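Please read them alongside the sequence and the coordinates.

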Amino acid sequence: MPDPQQETPPGAAMFGEFRVETETMPDGRRIHYYAWPDDTETAASAGDPADVQAAHDAADSDRV
Amino acid sequence: MPRIPIVSERRWNPVLGEWTMTATHRQDRTFLPPAEYCPLCPTRPGGAPTEIGRPDFQIAVFDNRFPSLRPDPAPPAVTGTELTPVEPSFGACEVVVYTPRHDATLAMLPVAHVRRLIAVWAHRTLVLGARDEVASVFAFENKGEQIGVTLHHPHGQIYAYPTIPPVLERETRNATAHAERTGGCLWCDLNRQEIDDGRRVVARGGGWLATVPFFARWPYEVHLTSERHVGWLHELTQTEVDGLARVLLTVVRKYNALFDIELPYIMAIHQRPTDGGDRDAYHLHVEFYPPNRTATKLKYLAGSEAGAGAFINDTLPEETAATLRDRPPHDPAALDLEA
C-alpha cells in the first residue's frame, strides 16, 4: 500500500479534495477533522424525503 | 475528561487458534446518555465539553476513550505461558463521527456525504495500515441498541489489529486457495454466479453488486462487492466511490423500509490485510448483518451458532432478496431524484 500523506492523501482526486486537521484532545488523545471545501454539495445532493429533511435541517443549522 | 486506566491485552486460545482481547476498562464506557450529554455532538458555546472540541465539523475521527487496542498498551495484567501466551494489545481503536447531527442516521445522509465518509474510511486505512504493528484495518458500524450500541449519535469505528482477525484470515486463506486452484478471484467468481442467477441480487450499480449471499447466515444479510477486483477502498475509481455510496445507501434505506422500523445492523467493511503479505487474492467487500428475522423477532446466536459455530438460517436467501428488492429505493443511480 502507498504511504499515507495526511494533507494530500493518495486517491484524493477520486474522493474529492479534502483537508485533515489533527488536534490533541485534553487527555492526550488525537482527533482528526476531515473537511471538504464544497460543503454546499452535501445539501444540494439531497433527494429522497429523508435527504430533503436532512438538507433543510442542514441549511437551517449550517451543518451537514 | 479524565483518562480511564487502561488494561488491554491479548490472550492466546490454543484450542481455537485465535486471540481474545481483554479490555476491562470498557466496562466503564458511557452508556446511552441523554442527547444533551452526547459525547459525540460538537461542543456548543456555553455547553458541556464533549469529545469534539469544535462547535461544528463535517466528519471527525478520534482515538477511542475505551480502546481494546492501542499504540502504547500497558504490560499485561497476567503472565502468559508457552501454551497460553499473553501480549499487550498493540493497534488502534478510532471512532468515526459521521455528522454533527445527533438525530441523523447513515440512511439519512446524502449521497455526497457518504462519498466523504468512504474517503475517510479509505484515508484512515492508509494511515493505520502503514504502521508496522498493524496487520489489518477493519471499519465497522454497530447500529441499534439490539446490537449493543451505547451511543445513538451516528458513528462507526475502526479497529487496527496487530494480526489478521479470524474471519478475515479465513477469508484470505480461502481466497488464496481458490486462486491457486482456479486462477480466479473468489469474489469475482461469486459475483458472476450471482449476476447470472439473479435471484439473490438486491441492487446493482456504479461497479457494485449487493446480494443476499447464497450462503447467508442471517435472514437479511447483504454483501456489497465491487465488480472490479480491488483490495482496498483507496483503489476505487471516482465512479466506484459514487457507486458504493449509492448502493450502500440503497441497502440501508431498504432495511428501514423492510418492517417500517429503523433496522439494527452490523456493517463490516472487509479490506485486504495490510501486513505486507501476498494478499492479492483478497477482494474488497462490505457485509451487513441485521439481527431481525421479523419486525419484532431477533435471531440469536444460540447453541449451534455460539457453541458449534454452525449457523442456521430460518429463511431462504432467494426469498429475502426478493423482499428487499421490492422495497424502496429501487435504483441506486436515482437516489437523488426519487421523491
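1. Helix axes are here lines fitted to C-alpha atoms over the stretch in contact, and angles run from 0 to 180 degrees between N-to-C directions. The model under review is predicted. In chain B, helix α1 (residues 111-129) packs against helix α4 (residues 238-258) at an angle of about 115 degrees, and their axes lie 9 Å apart.

2. Angles of 65 to 115 degrees count as roughly perpendicular. α1(B) and α4(B) are therefore roughly perpendicular to each other. Their crossing is right-handed.

3. Which residues make this contact? From α1(B) they are Val111(B), Val114(B), Arg115(B), Ile118(B) and Trp121(B). From α4(B) they are Val241(B), Asp242(B), Leu244(B), Ala245(B), Arg246(B), Leu248(B) and Leu249(B). Sorted by class, the contact comprises nine nonpolar and three charged residues, with no polar ones.

4. α1(B) itself has 19 residues and spans 27 Å from its first C-alpha to its last, close to the 27 Å expected at 1.5 Å a residue. This helix is mostly covered, with 18 of its 19 residues buried.

5. The loop between β5 (92-97) and α1 of chain B contains Thr105(B). Is Thr105(B) buried or exposed? The relative accessible area of Thr105(B) is 7%. Buried means under 20%, so Thr105(B) is buried.

6. Leaving aside residues up to four places away in sequence, Thr105(B) touches Lys143(B), Pro154(B) and Glu262(B).

Notes
Residues numbered from 1 in each chain as written. Chains lettered and ligands numbered in written order. Predicted model: local features only at pLDDT ≥ 70, side-chain atom pairs only at ≥ 80, totals over all residues. Heavy atoms only, no water. Helix = DSSP H or I, 4+ residues; strand = E, 2+ residues; numbered from the N terminus. Parallel < 35°, antiparallel > 145°, perpendicular 65-115°, else oblique. Left-handed = near helix turned anticlockwise from the far one by under 90°. Contact = heavy atoms within 4.5 Å. Nonpolar A, V, L, I, M, F, W, Y, C, P; charged D, E, K, R; others polar. Expected span 1.5 Å × (residues − 1). Buried < 20%, exposed > 50% of the residue type's maximum accessible area, 1.4 Å probe, protein only.
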